[in-house]
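Please read it alongside the sequence and coordinates shown below.

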Amino acid sequence: MLTGAERTAAELERTRAVLQADTAAVLLLDFSSGELIATAAAGLEEEVRQGVRIPVGRGFAGRIAAQHQPVILDHVDHSTVLNPILLAKGIRTLMGVPLIAGGKVIGVLHVGSLTPREFTSDDVELLQLAADRAATAVHSLMAQDDRIAAQALQRSLLPSALPVADGAEMAVRYVPGEGVVGGDWYDVFTLPSGHLGIVVGDVTGSGLQAAVIMGRMRSALRAYALDTCDPAEVLCRLDRKMQHFEPGALATVAYAVLDPGLDRARICSAGHYPPVIASPGRPARLADLPSGLLIGAAPGAERPVATIDISPGTVMCFYTDGLIERRDRPIDHRLALLCQAVTAQPPDAACATVMAALVGSQPAHDDTAVLIFRRKPLGTR
Amino acid sequence: MSVEGFELRRIGQHGVVTVPAEVDITNTDEVRQALLSVVSQDVPVLIIDMSRTTFCDSTGVQAIIATYRQTAATGTELRLVATTMLRILTFIGVDQLIPIYPDLNAALTAGA
């Protein structure tokens with residue numbers, strides 16, 4: 001970010017020189033708070049150092065962002081600006097333009113003069129040119145930062161090693177989508193009672209925000225899992241927590257709780273695709289799982305639970321929609337393809353077979369997560 | 001609306017929004033706006049017609065849920081028409097929130 005900031009500072013210095021202005025500043029829109037935050041400045045560094053924030057719609061910069069239009073202020077006083085630093089600095093005239101990227105306002109660029117001065121329409125045009133250049137640079141920088149942060153976050157949240165549970169074998173595949181990182185996650189943990197929890201989820205949306213919500217959901221689910229071995233109860237609490245603290249966020253989650261002997265799984269799905277079950281010598285099938293509403297959609301959703309017997313050697317394949325949703329293929333075809341690919345073999349080999357059959361060499365648009373569990377066959381160690 | 005495959009009309013007491021064949025991040029904002037604009041027009045029933053839709057990513061689902069929330073607040077009755085999308089909408093449990101019909105006629109005459 002430093003190099004980005006330095007580049008912006010150099011751009012600002014150039015803008016100030018070209019327009020023969022005394023000050024220049026960039027404020028960027030913080031989408032979560034709806035405020036413009038001073039990010040870079042020349043001749044007005046205190047704005048950045050003091051962390052000036054201007055609500056969109058208010059003051060000089062706020063008006064520019066709200067109207068998507070250049071604004072010239074001939075008289076800088078309490079009635080026209082919100083930021084006391086502009087007044088204290090003795091700025092007499094201000095001219096500002098919006099930073100627009102992808103059709104949306106992402107910030108404001110303004111220059112000021114300490115002596116009375118009339119900014120011309122040529123000046124406005126020059127400033128807008130500088131703003132357009134800055135907007136493109138800032139936008140790609142932000143997108144890049146977002147992507148790097150989301151990837152780092154996701155890497156830190158996905159378990160680096162799956163827990164060791166007696167009689168269980170597991171393997172995973174996780175492939176981020178092309179260009180975007182989403183909110184897919186998987187998690188496996190043992191509980192104090194000896195039960196084994198398996199989670200696969202997918203937060204709607206992409207980028208840093210989805211990854212952040214995914215992280216919160218993952219830890220909330222773990223916390224509730226410590227309190228009860230009932231998967232429905234855990235998802236009910238998770239749903240309530242999400243609706244209260246992350247209104248608007250949506251996610252699908254499948255949560256399976258396996259008995260300590262691994263001979264039975266209770267599975268609850270909140271809008272998530274059911275796992276595929278394959279027992280030795282039998283064709284694989286989609287688990288017969290009643291669907292529950294996805295997390296975050298509406299209060300009080302029912303959370304039905306299915307109980308599935310797991311004989312020795314049985315494989316369960318959990319996955320996210322990135323594995324099966326394709327624009328040009330009906331979902332049932334893809335699910336059938338998945339059922340053909342899942343066989344009761346060791347999990348790592350089963351993962352490889354599934355990825356080869358469903359992904360092949362096609363780049364995936366969406367995140368893809370696959371987690372395969374197998375109850376060890378009798379007589380193996 | 002100027003978006004391709006996109007239609008907003010009124011049939012009797014019903015506002016009908018026809019959703020394009022594919023809904024993804026490139027057009028989901030338009031879909032959401034169209035749906036919410038109908039809710040704000042104070043129609044008693046809003047029908048989301050997805051009978052032509054063959055692909056709808058999670059942002060499209062978000063738009064539908066946002067519309068559901070809005071209709072729950074305004075008291076508008078919401079109905080969905082889905083064919084290809086029915087399976088996915090059922091997996092994610094949307095059928096538990098919004099009644100889904102196999103064609104527009106069934107949605108128009110439901111409850112009549």
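## An enclosed strand and its surroundings

Six of the eight residues of β2(A) are buried, so this strand is largely enclosed by the rest of the structure. The model is a predicted one.

One residue of strand β2 of chain A is A41(A). A41(A) counts as buried because 23 other C-beta atoms lie within 10 Å, where 20 or more are required. Setting aside neighbours within four places in sequence, A41(A) makes contact with L12(A), A24(A), A25(A), E47(A) and V48(A). For A25(A), which lies 16 residues away along the chain, the C-alpha separation from A41(A) is 4.1 Å.

## The six-strand sheet of chain A

Which strands make up the open sheet of six, and in what order? The order is β3-β2-β1-β6-β5-β4 (chain A), and the pairing is antiparallel. At the edges are β3 (53-55) and β4 (71-73) of chain A, each of which pairs on one side only. Ignoring direction, neighbouring strands in this sheet are turned against each other by 25° on average.

The table lists strand pairs of chain A with their bridge counts; all of the pairs shown are antiparallel.

| Strand pair | Bridges | Residues paired |
|---|---|---|
| β1(A) and β2(A) | seven | L28(A) with I37(A) |
| β1(A) and β6(A) | six | L28(A) with G107(A) |
| β7(A) and β16(A) | eight | M170(A) with F373(A) |

The strands β1(A) and β2(A) form a hairpin with four residues between them. Within that turn, G34(A) has a positive phi of about 70°.

Helix α3 (residues 59-67) of chain A touches β1, β2 (35-42), β3, β4, β5 (93-101) and β6 of chain A. The direction of helix α3 makes about 35° with that of β5(A). Helix α5 (residues 121-157) of chain A likewise packs on the sheet, touching β1, β5 and β6 of chain A. For helix α5, the angle with the direction of β5(A) is about 40°.

## The five-strand sheet of chain A

Another open sheet in chain A has five strands in the order β7-β16-β15-β12-β13, with antiparallel pairing. Its edges are β7 (168-175) and β13 (285-286) of chain A; each has a single partner strand, so one side of each is left without a neighbour in the sheet. The partner strand of β7(A) in the table, β16, spans residues 368-375 of chain A.

## Overall form of chain A

Chain A contains ten helices and 16 strands. Its radius of gyration is 27 Å, well over the 21 Å that the globule rule gives for 381 residues, so chain A is more spread out than a compact globule. Along the principal axes, the C-alpha atoms of chain A fill a box of roughly 90 × 40 × 35 Å. Buried residues account for 43% of the 381 residues in chain A. Of the contacts in chain A between residues at least 6 apart in sequence, 64% join residues at least 24 apart.

In soluble globular proteins, nonpolar side chains tend to be buried together. The largest nonpolar core here has 101 residues, and those touching the most other members are Y255(A), C317(A), F318(A), V370(A), L371(A), I372(A) and I48(B). Helix α6 (residues 207-227) of chain A gives the most to this core, with nine residues. Apart from this core lies another, of 40 residues, including A40(A), F60(A), V111(A) and V138(A).

In chain B, I48(B) touches V17(B), V19(B), L35(B), I64(B) and L80(B), not counting residues up to four places away in sequence.

## Contact between the chains

How many residues of each chain are in contact with the other? On chain B there are 15, and they meet 16 residues of chain A. Helices α2 (58-74) and α3 (86-91) of chain B each supply at least two residues of the side that touches chain A. By class, that side of chain B comprises seven nonpolar, six polar and two charged residues.

Conventions. Residues numbered from 1 in each chain as written. Chains lettered and ligands numbered in written order. Predicted model: local features only at pLDDT ≥ 70, side-chain atom pairs only at ≥ 80, totals over all residues. Core = buried A, V, L, I, M, F, W, Y, C linked by C-beta atoms within 7 Å. Buried ≥ 20, exposed ≤ 12 C-beta atoms within 10 Å, placed from the backbone. Contact = placed C-beta atoms within 7 Å. Nonpolar A, V, L, I, M, F, W, Y, C, P; charged D, E, K, R; others polar. Pairing = 2+ DSSP bridges. Axes fitted to C-alpha atoms, helices over the stretch in contact; angles between N-to-C directions. Rg over C-alpha atoms; globule rule 2.2 N^0.38 Å.
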